[in-house]
Amino acid sequence: MTAERRVLITGASIAGPTLAYWLARSGRAVTVVERAPSPRLGGQNIDIRGPGREVVRRMGLEDALFAATTTEQGTRFVDRRGATIATFPAGTADSGGATAELEILRGELARILVDASGPDVEYRYGDRVVGCDQDAHGVDVTFEHGAPERYDLVVFADGVRSGSREIVFPGEAVTRDLGLFTAYGVLPRTSDDDAWWRWYNATGGRVAGLRPDNQGTTRFSLSWLSGPTGLERAGQSEVVAALRTTFAGAGWETPRILESLDSASELYVDRLAQVRAPRWSSGRVAMVGDAAWCATPVSGMGTTLAITGAYVLAAELARTDDHRAAFTAWDARMRPFVDTVQSLPPGTPRLAHPKTAVGLAVFNSAVRLAGSAPVRALAGRFSGSDDANLDLSDYR
């Protein structure tokens, strides 16, 4: 058993519980501290691909995740009247497709991961780290509410806007703004809602989406191109007013979405940005997931990166009692994979958010062509293996 037994993790979303699961299996005493007062069970559809699927198999969770999927059958692009422009069925393998084979609500995935951690992992809600002082033998951690404690290792897994990250890595992470806001929420399901992700483009760089879930409701998203406004830090009433102004006259199902919004709505808005950090560890402190390398939802690989990165970190720590060697090996293994995922196609996300009527017509024509049966068959035949992959065979 390793001498570095006590580990603190910040963040109980995806990367944090995955890391806790594997560290506990290697004999460590793990505490996860989460700023939210209770488990965050809401959220939108996310997917798990490639190496992330392999990790959840090794955790014995794949069947449980499939039992909790959103039932989404694929992606359908629609016009202002709701008529179909093109359809893209869900993938039938570990990778591929706008809709992956394994689609699940973020909160459902987090719940399953936390439950799988087992009784040896302690979860503390309603607190956060406000100070870290480390020496050669450990880390003294100060909490906002709880008493100070000493740990052997500390790992920050608290998201793209990690407050913990700035305590140990102040100003180091470079944030690449994508110029896009996205808002997520929940609607009552109607008879017109089906098992497809319906994607609608309006002029002005606006996109609306409706997606099924497994809870009898429909998840909506609104995204739009915009310069920085600070809306991601605004209160609910200000966010609702901004959404109603931005999507006024957009057409399709946007009136239904906007009319559903009030002060009590389940609503989340964020400005998409990538995180690129020159290092992911310092002494006995590391960071993992979006806090270290957020690729944004437009990459389609954020959850996969979180799960895979946490697994590789735990595996490297299990191989040696020298945390410095483990962190170095983990960085060397993960960084090329992260770099590949963060290299978004040129024009992302602007190409998918055309501003003018001409641009929208061109976009819809391209989608219609891509969705035709001959082009889909040709793409499937010659696409080859997924470039964004990571070989985990040597960790068995």
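**Close-up views of a predicted protein chain**

View 1. Thr-218 is found in strand S15, which covers residues 217-225. Helices (H or I, at least four residues) and strands (E, at least two) are DSSP runs, numbered from the N terminus. This is a predicted model, in which local features need pLDDT of at least 70 and side-chain atom pairs count only at pLDDT 80 or more, while totals for chains, interfaces and linings use all residues. Residues are numbered from 1 along each chain as its sequence is written, and side-chain values use heavy atoms, with hydrogens and water left out. With a relative accessibility of 2%, Thr-218 counts as buried (buried means under 20% relative accessible area, exposed over 50%, and partly exposed in between, with a 1.4 Å probe and protein chains only). Leaving aside residues up to four places away in sequence, Thr-218 touches Gly-185, Val-186, Leu-187, Arg-189, Asp-193, Leu-210, Arg-211, Asp-213 and Arg-256; a contact means heavy atoms within 4.5 Å. One of these partners, Asp-193, is 25 residues away along the chain, and its C-alpha atom is 7.5 Å from that of Thr-218.

**View 2. Thr-10 in strand S1.** Strand S1 runs over residues 6-10 and includes Thr-10. Thr-10 is buried, at 3% relative accessibility. Its contacts, not counting residues up to four places away in sequence, are Val-33, Val-129, Val-155, Phe-156, Ala-157, Asp-158 and Ser-164.

View 3. Helix H2 spans residues 50-58, and eight of its nine residues are buried, so it is largely enclosed by the rest of the structure. To follow this in the model, look for the buried residues Gly-50, Pro-51, Gly-52, Arg-53, Glu-54, Val-55, Val-56 and Arg-58. These buried residues of H2 pack against helix H1 (15-25), H3, H9 and H10. Gly-60 follows H2 and has a positive phi, near 75 degrees.

**View 4. Val-338 in helix H10.** Here we turn to H10, the helix in which Val-338 lies. Val-338 counts as buried, with 1% relative accessibility. Not counting residues up to four places away in sequence, Val-338 touches Trp-280, Trp-293 and Leu-305. For a sense of scale, pick out His-145 as well: Val-338 and His-145 are 193 residues apart in sequence and 34 Å apart in space, C-alpha to C-alpha.

View 5. The peptide bond from Thr-348 to Pro-349 is cis, and its omega is near 5 degrees. Pro-349 sits in the loop that joins helix H10 (323-342) and helix H11 (357-370).

**View 6. Two threonines with positive phi.** Thr-71 is not a glycine, yet its phi is positive, at about 70 degrees. Its place is in the loop between helix H3 (62-67) and strand S4 (74-78), and at 47% relative accessibility Thr-71 counts as partly exposed. Thr-296, also not a glycine, has a positive phi of about 75 degrees. Thr-296 belongs to the loop between helix H8 (290-293) and helix H9 (302-319), and at 5% relative accessibility it counts as buried.

**View 7. Two cysteines.** Cys-132 is buried at 15% relative accessibility. Cys-294 is buried too, with a relative accessible area of 6%. If a disulfide is taken as a pair of cysteine sulfur atoms within 2.5 Å, the count comes to zero.

**View 8. Stepping back to the protein chain.** The protein chain has 12 helices and 18 strands. Its C-alpha atoms fill a box of roughly 65 × 50 × 35 Å along the principal axes. The radius of gyration is 21 Å, which agrees with the value near 21 Å for a compact globule of 396 residues; it is taken over C-alpha atoms, and the globule rule is 2.2 Å times the number of residues to the power 0.38. Buried residues account for 54% of the 396 residues. Among contacts between residues at least 6 apart in sequence, 73% join residues at least 24 apart.
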